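Biologist: Could you walk me through the packing in this model?
Modeller: Gladly, let's take a look together.

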Amino acid sequence: MSSDSSLQSAAVINEAVQTLRDGGLVAFPTETVYGLGADAKNSEAIKKIFVAKGRPSNHPLIVHLAAPDRFDQTHVDWVPILSSWARDVSEEALKLINTFWPGPLTLVFKKDKSVLTDLTGGQDTVAIRAPAHPIAQELLRKFKGGVVAPSANRFGKVSPTSASDVRHEFEGMLDLMILDGGDCEVGIESTIIDLSSGDKAILLRPGAITPSEIFAKTGIKVYLPGDLKANEPTEDLPKVSGSLKAHYAPTTPLRLYAPGRILDALSEFPDIKSRVAVAVWDSESSLSEDGHPSAHFEEVEVPSDSSAFASRLYRSLRDLDQQGWDLILFPEPPAGEEWDGVRDRLQRACFGSGPSSSSHVSS
Ligand code: TXA
Ligand code: MG
């Protein structure tokens, strides 16, 4: 891991713990993205998160947990830890937990009655994850409780993968304590699996941990919501806010191009004559073979390995968004499940991108 808890002293972590106990907000690093944390048992603190993010109150939050020090961290018994949060934790659930926690996997359970509905968006389920980042773990262990933490960005915007991204996101709005844990290694949000229906595991958000990896390591089949059309839940609550079509969006227009089809992507923007940033695979020599139009293109290399791509995706989108381009073009991710997480984020980012993205997102 590129960062460790030595980046933050014990005194700073203690101050963060006190801030959480006092009902304040603390931004902290996880291996996926930075989270905006609050005490999961304090409804006033939870409300502050929704206000700070500009997030509709029916969009549920993830509860973050860590095993207390008394557990041998390699053989944690999660049953007693989960008992005050989740009901009906099945053998399958424990298999997933023992295989992938701590790590970028969020599981949705029926909630214990003590879990505040302020954090579940009024639903009777609760999403839980145990982050792997050492600073997140130290914070959670010392806090000795659950911390709700959405990604530390304004609603619909690009998630932060460094402490300075978080600072930038809330500058002038919120005097926020931010724990610095360096750059996030995974770079996109956790995979979310819904176990609350009791029989089937359903993928709600793709991430670094894929259904095939889950099947290979546990034998558990993960269904896609599309596989279950007939039984799909009818309530119209947005179970996953990232499932809105527009999300993770930069202010600069962003589009994807198919291999060799840059000019097609550009044709949607006939007025753009200059200042186009084009991401190209690092495995490919150069765009020039595609034939450059008159526009001033600047090529930015992006990794052709899916994990490396994910790790840098939000960083690149943020950096490019600050550079004053008229248009940003990204290559369409190749087919293959290992690309599903980044494909999902890129497609939503395209849909919500552009100067009017905020009205897009709230519609
Ligand atoms: O990697 C992550 O999961 C990051 C880090 C900070 O842990 N957190 C994160 O939180 O992405 P947020 O709030 O940006 O996204 C949480 C997602 C939302 O899309 C929400 O709808 C979904 O989790 N979620 C939360 N509770 C749920 C529930 N009870 N049922 C279904 N989905 C739920
Ligand atoms: Mg988010």
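Biologist: At what angle do α1 and α6 pack?
Modeller: This is a predicted model, where local features need pLDDT of at least 70, side-chain atom pairs count only at pLDDT 80 or more, and totals for chains, interfaces and linings use all residues. Residues are numbered from 1 along each chain as its sequence is written, chains are lettered from A and ligands numbered from 1 in the order written, and side-chain values use heavy atoms, leaving out hydrogens and water. Helices are DSSP runs (H or I, at least four residues), numbered from the N terminus, and axes are lines fitted to C-alpha atoms over the stretch in contact, with angles from 0 to 180 degrees between N-to-C directions. For helix α1 (residues 10–21) and helix α6 (residues 134–143), the axes lie 9 Å apart and the angle is about 55 degrees.

Biologist: Are α1 and α6 parallel or oblique to each other?
Modeller: Under 35 degrees counts as roughly parallel, over 145 as roughly antiparallel, 65 to 115 as roughly perpendicular and the rest as oblique. The pair is therefore oblique.

Biologist: And how are α10 and α11 placed, roughly parallel or perpendicular?
Modeller: Helix α10 (residues 306–322) and helix α11 (residues 340–352) have axes 10 Å apart and an angle of about 15 degrees. That angle makes α10 and α11 roughly parallel.

Biologist: Which residues of α11 make the contact with α10?
Modeller: Contact means heavy atoms within 4.5 Å. On the α10 side are Phe-309, Ala-310, Leu-313, Tyr-314 and Leu-317. Facing them from α11 are Val-342, Arg-345, Leu-346 and Ala-349.

How values were computed:
Helices (H or I, at least four residues) and strands (E, at least two) are DSSP runs, numbered from the N terminus.
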